[in-house]
Amino acid sequence: MKGKIIEWNDDKGYGFISSLGGELKVFIHASSVKNSRRRPALHDNVMFEVKEDSKGRFNARNVVIEGANGFPFTVLFGFSFLVAASTSIVVFDGLLILIPAYLVLSLFTYLMFSWDKQAAQKGNWRTSEKTLHLLSLFGGWPGALLAQFQLRHKSSKQPFKFVLWVSIILNICGFIWLLTGAEVSFISSILSRL
């Protein structure tokens, strides 16, 4: 959701967000702000998720202050990998098909994250986490990192983030292995045994 901070007590680190044209008032605590180099302030425009507590009160979580968030390391890492991978494929005469494969899989993974977030908000059928992890493992992880940052989807679930980073490391190791040319001799040895 989008809203504006209409009350803020900086000493205590909490306040309230007005959303839906003033129809919804949501509690915000400083600890719910993500990826920001500063604390919230009065009149900040924010994007956030809403969670209802046991007493029926609405609390903001995963709050993003518009205009206050720097470009995150994870997105920069994904972009840098795509540039380095493309360069290394050209320099070391690697498999050129990998360049468009990474780009297409990243775009597709981003769209799957977006679709899953919309489904979650509407209560519709969701994409399984296993599917999202497989897409990341096969090369769509730069799109997954961008989606986590831009869409704020699957960005606070620690088990999901851990498995995502394991799949990223495995994918990068696989890419390096393909770049060495060892895959040709490996596949030939398997075929010769058959």
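Q: Where is Met 1 found relative to β1?
A: Keep in mind that this is a predicted model. Strand β1 covers residues 2-9, and Met 1 is found in the segment before β1.

Q: Is Met 1 buried, exposed or partly exposed?
A: Buried would need a relative accessible area under 20%, and exposed one over 50%. Met 1 has 38%, so Met 1 comes out as partly exposed.

Q: Which strand does Glu 7 reach through its salt bridge with Lys 25?
A: The two side chains meet at 2.9 Å, N to O. Glu 7 sits in strand β1, and its partner is 18 residues apart, so the pair links distant parts of the chain. Lys 25 belongs to strand β3.

Q: How many residues apart are Arg 39 and Asp 10?
A: Their side chains form a salt bridge at 3.1 Å, N to O. Arg 39 is in the loop between β3 and β4, while Asp 10 is in the loop between β1 and β2. That puts the pair 29 residues apart.

Q: Which strand holds Glu 49, the salt-bridge partner of Arg 61?
A: Arg 61 and Glu 49 meet at 3.3 Å, N to O. Arg 61 lies in strand β5, and the pair ties together parts that are 12 residues apart in sequence. Glu 49 lies in strand β4.

Note on methods
Residues numbered from 1 in each chain as written. Predicted model: local features only at pLDDT ≥ 70, side-chain atom pairs only at ≥ 80, totals over all residues. Heavy atoms only, no water. Helix = DSSP H or I, 4+ residues; strand = E, 2+ residues; numbered from the N terminus. Buried < 20%, exposed > 50% of the residue type's maximum accessible area, 1.4 Å probe, protein only. Salt bridge = Lys/Arg side-chain N within 4 Å of Asp/Glu carboxyl O.
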